[in-house]
Amino acid sequence: MSFKKFLIASISTVLLTASPLIGAESNSAAGFYAEGCSAFSRGEWDSAVFLLRQTVANAAFNTADANYMLITAEIYAGDEKSALADCDEFLNTFTNSFYYSRIQYTKGKLLYNLKEYEKAIVTLSDFCHKNEKNELYPSALFYIAESLYADYKYEEAEAIYERIIKEFPENEKVSAAQYRIESIAQRSREEKLLYLLKQTGEEYLSAKEDYEKQLKLSNSDTITREKLVDYQQKNKELEEQIQDMENQIQQLKVLQAEKDAQIALKEAEEQQRLQEAEMEKLNQQKENQDEVRRLKEKAQILQQMMNRKKGE
């Protein structure tokens, strides 16, 4: 069974079994769960978080399904620290859950978002080691590379970006990986320019110092005017080189900012797609629930009619 079908089936079952209890026990965990699912489907993340926390506080409803939805709602509500803590709790409690590998991936991604890069690499590497066939495998590789990139380990990051492009050419992370490879090339060029700028700057300062010394001796027989002109020309050339390198570095910084903005945009678009997909699934579940309820009502009416006929 696919993850989407499993999620739809599990949450639909809870909604159907909880709905009869809501009228009599509006404050019960079952009621909180059903209302939390409804808030989730409407994209009311803060409300969903509150209701689902009330749900899992009840031992009978502290299930893998409820906790998975709580973590998802916390992420969409922007409370990543709470989501990370709940991921740890989930992984310790629901070791045999269908959601286990997905929560492990989510934990790694949250660690990356919170700039815990070394921990993110360890968590996501463990996920990849155990889940080579998982649909999230390329994304996990990408965030390992992103963590290395953020930690200035460009060569290691580049190798993983290249692997993503080669082994998963249809994956949505490919374009971002390509941007990063271009960024690494730009950073490498920028580092070389900075090194040359440092060397040229030191040479310029030394030449300027020599010029000033010779200028003081210009009235003596120890230096000719031609030598002063040579010093001036050398200083001018060095100044021009420094200015040119500074311009190049500035251009590279602008290009780097553009690449970073493109990747951030793709991340935002992907997050939006995920939210819409989750909401669409829950809306479909609610429609299925309403249809089942209507069928049950019709069945009850038919049963009552049949019972009357039998009584006659």
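Helices here are DSSP runs of H or I with at least four residues, numbered from the N terminus. The model is predicted.

**Exercise 1.** Determine where Cys128 lies and whether to class Cys128 as buried or exposed.

*Solution.* Step 1: Cys128 belongs to helix α7, which spans residues 117-130. Step 2: buried means under 20% relative accessible area. Step 3: the relative accessibility of Cys128 is 6%, so Cys128 is buried. Step 4: with neighbours within four places in sequence set aside, Cys128 is in contact with Tyr137, Ala140, Leu141 and Ile144.

**Exercise 2.** Identify the residues that touch the most other members of the largest nonpolar core.

*Solution.* Step 1: this core has 42 residues. Step 2: those touching the most other members are Phe90, Ile103, Tyr105, Cys128, Ile144, Ile160 and Tyr161. Step 3: at least two core residues come from each of α4, α5, α6, α7, α8, α9 and α10. Step 4: α8 contributes the most, nine residues.

**Exercise 3.** Describe how α6 and α7 pack.

*Solution.* Step 1: the angle between them is about 160°, and their axes are 8 Å apart. Step 2: angles over 145 degrees count as roughly antiparallel, and α6 is therefore roughly antiparallel to α7. Step 3: their crossing is left-handed. Step 4: the contact includes Ser101, Gln104 and Tyr105 of α6 and Thr123, Leu124 and Phe127 of α7. Step 5: by class, the residues of this contact are seven nonpolar, four polar and four charged.

Technical notes: Residues numbered from 1 in each chain as written. Predicted model: local features only at pLDDT ≥ 70, side-chain atom pairs only at ≥ 80, totals over all residues. Heavy atoms only, no water. Buried < 20%, exposed > 50% of the residue type's maximum accessible area, 1.4 Å probe, protein only. Contact = heavy atoms within 4.5 Å. Core = buried A, V, L, I, M, F, W, Y, C linked by side-chain atoms within 4.5 Å. Axes fitted to C-alpha atoms, helices over the stretch in contact; angles between N-to-C directions. Parallel < 35°, antiparallel > 145°, perpendicular 65-115°, else oblique. Left-handed = near helix turned anticlockwise from the far one by under 90°. Nonpolar A, V, L, I, M, F, W, Y, C, P; charged D, E, K, R; others polar.
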